[in-house]
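Here are a few friendly notes to read alongside the structure. Take them one at a time, and find each place in the 3D view as you go.

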Amino acid sequence: MIVGNVPAPAGDSSQPGAVGAGTPGAPRRPLPLRVAVPMAVVAGLALLAAFPPYGLWPLAPLGVALLAAATHRRRVRAGAGLGLLTGVALFAPLLSWTNLHTGYLPWVLLSLLQAGYLALLGAAGAYVSPLVERARWSWPLVTGLLWVGQEALRDRTPFGGFPWGRLAFSQDGSPLLRLAAWGGAPLVTFAVALTGGLLVAALWRPWGGRRRWWVPVAGLAAAAVAVPVVGLLVPVSGAGGGAAVTVAIVQGNVPRLGLDFNAQRQAVLNNHVDATIELAGQVSAGVRPRPDLVVWPENSSDIDPLRDTDAGARISQAADAVGAPILVGAVLRGPGEGQVRNAGILWRPGSGPDLDQLYTKRHPVPFAEYVPMRDLARMVSKQVDRVRADFVPGSEPGVLRTGAAVLGDVICFEVAYDEVVRDTVVGGAQLLVVQTNNATFDVAEARQQLAMVRLRAVEHGRPALMASTVGVSGFVAPDGRVSDATGFNTRAVVVRQLRLDDGRTLATRVGLWPEVALATLAVAALVGAGVLRRRPRAG
């Protein structure tokens, strides 16, 4: 299927400087809106289907290609509108788990905000049309650069950004996942978008004036297939090369899903204590190996165990019974009046809390764990008053030393932020731990989060695990394979021996620089397109 071979009538000025390759100097029209509008919607749906729980990862490049084709040669404003359509089609269903217990307004606002970044991407795609018309071979590269630039902006703004829905996180079952070991999530996103750009460059229209037009088309199509194959060539470790450590994940479950899970705080804590004591009994009976470490999820103790003696005594009972330190996900009061902290704290058998091994979440979620501009936000939705006390951020990476292993602890959505995870590895983490609470969401959100854990394991060459209150919990090998994944809304305890790792991948060593380089080139492409758009048209 060849698209876009529609010549413009004389005098059409929809794209200054947009020159078709078939007839020198003859401007060409964009696709008709009756084609471009549904194409933009299908682009968003294709991108959606690439993410868990669907996992049809080859559709991500197709979605990229469809959006690029829909916006090509359009005015910037029209490109923005088409990008917005793609964004709504992607983010509204992808983020539907945000409206399960808070009403529709937060979901609608968040979806529209995220879709706004794809509107910027659509506008950029339209703006660079003269550049890719001048050098059609550059279209794949420019497409990849624009996607990385868009994600770099969306991951950081506003209020620290919201990286959910990055192209890289759709590739947990793809060969492209292995590229994370070289350049992290930005390189994986670039490879996905590059592949989509190769597809649209091949299929946009015949290569004008060439009898053997199929040669460049075949070459671009072959390159699109080759990009994922390159991923298979990236060496990744199937298991860590260091000391062995036995780790248990306790998924205690909650009495009821929803926002009132924290009204059942004692029951949630008891569930995790009881499940750990049961594990201790199985260890004593020889049914399971004794763990060197037990991991409880985020919010496993919403009663501050450092101030509530009964809660602390219950956790000590579990740690003493199993004979291993427990990484507890706890809500701690303070440091100031009306403030709380979302923390992971190591609780040792015989001695209790180790205050030297305590991590405070560095990236609290705006409007969920703290409320920026509370008075203004209340005018939009009184739901903000559910957040009675603002969570204060920590300042140090989550590097925790248990004795058996050095942990890189991140809490819930922090797994989506590149620098939060990398800082733990640079600080010496041998095992990545993601403590999370999915009781207010659903299984789709949990599987999307597990896909991020898989990318982080490959990116840093570390074994990893995700511990959730309700699921999905499980272990991830350094090559991204998942083991012992639990069901959703169930109680479960899984135990596995892992091999630790101290090495550093290329991605860990270079850190932010691949994203900086790619985003800088994206800006350069926009500048180059601007220069071409200002040139007077010949004739």
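This is a predicted model: local features need pLDDT of at least 70, side-chain atom pairs count only at pLDDT 80 or more; totals for chains, interfaces and linings use all residues.

1. The patch covers about 430 Å² and is built from Leu 84, Val 88, Tyr 104, Val 108 and Leu 112. Two elements, helix 3 (76-94) and helix 4, each give two or more residues to it.

2. Now pick out Tyr 104, which belongs to helix 4. Is Tyr 104 buried or exposed? Tyr 104 counts as exposed because its relative accessibility is 60%, and the cut-off for exposed is over 50%.

3. Helix 4 also turns up in the second largest pocket, where it provides five residues, the largest share of the lining. This pocket holds about 240 Å³ of space. Its lining has 13 residues, and those closest to the centre are Leu 120, Ala 124, Gly 149, Gln 150 and Leu 526.

4. Which helices supply at least two residues each to that lining? They are helix 4 (104-127), helix 6 (139-154) and helix 15 (513-534). By residue type, the lining of the second largest pocket has 11 nonpolar residues, two polar ones and no charged ones.

5. Finally, have a look at helix 12, which spans residues 418-426. Its buried residues are Asp 418, Val 420, Val 421, Thr 424 and Val 425. In an α-helix, residues three or four places apart point the same way, because there are 3.6 residues a turn. After helix 12 comes Gly 428, which has a positive phi, near 115°.

Notes. Residues are numbered from 1 along each chain as its sequence is written. Side-chain values use heavy atoms; hydrogens and water are left out. On a 1 Å grid over the protein atoms alone, a cavity is a set of points where a 1.4 Å probe fits but cannot get out, and a pocket is an open set with protein on both sides within 12 Å along at least five of seven lines; lining residues have an atom within 4 Å of a point. Grid points are joined across faces, edges and corners, and a volume is the space filled by probe spheres set on the points. Helices (H or I, at least four residues) and strands (E, at least two) are DSSP runs, numbered from the N terminus. Ala, Val, Leu, Ile, Met, Phe, Trp, Tyr, Cys and Pro count as nonpolar, Asp, Glu, Lys and Arg as charged, and the others, Gly among them, as polar. Buried means under 20% relative accessible area, exposed over 50%, partly exposed in between (1.4 Å probe, protein chains only). Patches are made of residues with over 30% relative accessible area and no salt bridge: like charges are joined within 9 Å, nonpolar side chains (Val, Leu, Ile, Met, Phe, Trp, Tyr) within 5 Å. Accessible areas come from the Shrake-Rupley method with a 1.4 Å probe; for residues, only the protein chains shown count as cover. A salt bridge is a side-chain nitrogen of Lys or Arg within 4 Å of a carboxyl oxygen of Asp or Glu.
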